[in-house]
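Please look at the sequence and the structure shown here, and follow how the two chains meet. The paragraphs below go through their interface step by step.

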2 protein chains.
Amino acid sequence: MKAVVTVKLKPGVLDPQGKAIGHALEGLGFDGIADVRVGKVIELDLHETDPAAAREAAAAMARRLLANTVIESFDVTLA
Amino acid sequence: MKAVVTVKLKPGVLDPQGKAIGHALEGLGFDGIADVRVGKVIELDLHETDPAAAREAAAAMARRLLANTVIESFDVTLA
């Protein structure tokens, strides 16, 4: 069963990578960009077949390693 | 209007970052992990208010800068 963990910076946390992408897009001629924020998506292919258990396992991995919960939030979806 | 571009490595492209995360999770005691793949998610806050135009603008940005379409695929969702 596949679980997808999406990790994003919490609102208010500076995102220099997003700012750099925004500036680069403007430099390429794209306009109308108010803000850009960048996050990670981690696809976990798990042997677990129970959806609730897979979701809980992915959330535990996110809390332990995948996300820095001081500055990042995450959510788990099953695919 | 917010457009979210998700960029993933194409199937078959080696993902050393994903492999490292998989090994790290196993080292932390998580088992039952068949595979891990890592991608990026770019949230674009656009002034554009027309959904079709916003989607097309985000796709153009992805093709031009956000994704390396030789080894990465992307999809655009509106939020």
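Predicted model: local features only at pLDDT ≥ 70, side-chain atom pairs only at ≥ 80, totals over all residues.

The contact as a whole takes 29 residues from chain A and 29 residues from chain B. Between them the two chains bury about 2,600 Å², and 70% of this area lies on carbon and sulfur atoms. On the side of chain A, the residues that lose the most area to chain B are A:Phe30, A:Val41 and A:Glu43, which together make up 19% of what that side buries.

One of these residues, A:Glu43, also forms a salt bridge with B:Lys8, in which the closest N and O atoms are 2.8 Å apart. Across the interface of chain A and chain B there are two salt bridges, and 12 residue pairs are found in polar contact, counting pairs with both residues at pLDDT 80 or more.

Which elements give two or more residues to the side of chain A that touches chain B? They are β1 (2–9), α1 (16–27), β2 (33–46) and α2 (51–66) of chain A, and the largest share, 14 residues, comes from β2(A). Sorted by class, this side of chain A has 18 nonpolar, four polar and seven charged residues.

How values were computed. Residues numbered from 1 in each chain as written. Chains lettered and ligands numbered in written order. Heavy atoms only, no water. Contact = heavy atoms within 4.5 Å. Buried area = accessible area lost by both parts, 1.4 Å probe. Salt bridge = Lys/Arg side-chain N within 4 Å of Asp/Glu carboxyl O. Polar contact = N/O pair within 3.5 Å; in protein donor to acceptor, adjacent residues only side chain to side chain. Helix = DSSP H or I, 4+ residues; strand = E, 2+ residues; numbered from the N terminus. Nonpolar A, V, L, I, M, F, W, Y, C, P; charged D, E, K, R; others polar.
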